[in-house]
Amino acid sequence: MFNKLGQMKDLIRDAGRMRELMKEASESLARLQVTGESASGKIKITMSGKMELESVKIDPSVIGSVPVNELEGMVFYAINDALTKVRQEATKRMALVTGGESLPGLDQII
């Protein structure tokens, strides 16, 4: 019986430690900024680790020189590139917290 109480105490302590590590990782992601680019590099999208758009840069040479649908595709590609980079970095940082263990539902919040 006392052995189980000791295990419970360890579990509670570890949960508090995990909560603190998750908070630190979340704060770290909030400060993260990544830049996604179109294939040509003419469109650059900067996004925060919270997946919020920070800036959009469009090379003036593409304005009027490419069809609108191509420009839209370039913006689309740059946004997806930024999102992919945020997700990859978030996954990497969370893996440090979890010791590489997969936590159910973690992929839904990243």
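Predicted model: local features only at pLDDT ≥ 70, side-chain atom pairs only at ≥ 80, totals over all residues.
Colleague: What makes E2 and E3 a pair of strands?

Modeller: Two strands pair if at least two bridges are found between them, and E2 and E3 have 5 bridges in the antiparallel sense, so they are a pair by that criterion. Their hairpin has 4 residues between the strands, and Met 51 takes a positive phi near 60° there.

Colleague: How do you know that E1 and E2 pair too?

Modeller: The criterion again asks for at least two bridges, and 5 bridges join E1 to E2, so these antiparallel strands count as paired. E1 and E2 form a hairpin with 5 residues between them, and Gly 41 in its turn has a positive phi of about 80°.

Colleague: Why are E1 and E3 called edge strands?

Modeller: The open sheet has 3 strands in the order E1-E2-E3, with antiparallel pairing. Strand E1 (33-37) and strand E3 (53-58) each pair on one side only, and they are the edge strands for that reason. On average, neighbouring strands of this sheet are turned by 15° against each other, direction ignored.

Colleague: Why is E2 described as largely enclosed by the rest of the structure?

Modeller: Of the 6 residues of E2, 5 are buried, so the strand is largely enclosed by the rest of the structure. For the chain as a whole, buried residues make up 24% of the 110 residues.

Colleague: Why does Thr 46 count as buried?

Modeller: Buried means under 20% relative accessible area, and Thr 46 has 14%, so it counts as buried. Thr 46 is found in strand E2, and Thr 35 stands opposite Thr 46. Leaving aside neighbours within four places in sequence, the residues in contact with Thr 46 include Gln 33, Val 34, Glu 52 and Leu 53.

Colleague: What makes the pair of Thr 46 and Thr 35 side chains a polar contact?

Modeller: The distance limit for a pair of N or O atoms is 3.5 Å, and the contact between these two side chains is given at 3.2 Å, so it is within that limit.

Colleague: How do you know that Val 86 is buried?

Modeller: The cut-off is under 20%, and Val 86 has a relative accessible area of 0%, so the residue is buried. Val 86 lies in helix H2 and touches Val 34, Met 47, Ser 48, Gly 49 and Met 51, not counting residues up to four places away in sequence. The C-alpha atoms of Val 86 and Lys 50 are separated by 8.2 Å, although these residues are 36 apart along the chain.

Colleague: Which residues touch the most other members of the largest nonpolar core, and which elements give two or more residues to this core?

Modeller: The core has 16 residues, and Leu 29, Val 34, Ile 43, Ile 45, Met 47 and Ala 82 touch the most other members. Helix H1 (2-31), strand E2 (43-48) and helix H2 (68-98) each give two or more residues, with H2 giving the most, 8 residues. Ile 43 also touches residues that include Ile 58, Val 62, Leu 71 and Ala 78, with those up to four places away in sequence not counted. In soluble globular proteins, nonpolar side chains tend to be buried together.

Note on methods:
Residues numbered from 1 in each chain as written. Heavy atoms only, no water. Core = buried A, V, L, I, M, F, W, Y, C linked by side-chain atoms within 4.5 Å. Buried < 20%, exposed > 50% of the residue type's maximum accessible area, 1.4 Å probe, protein only. Contact = heavy atoms within 4.5 Å. Polar contact = N/O pair within 3.5 Å; in protein donor to acceptor, adjacent residues only side chain to side chain. Axes fitted to C-alpha atoms, helices over the stretch in contact; angles between N-to-C directions.
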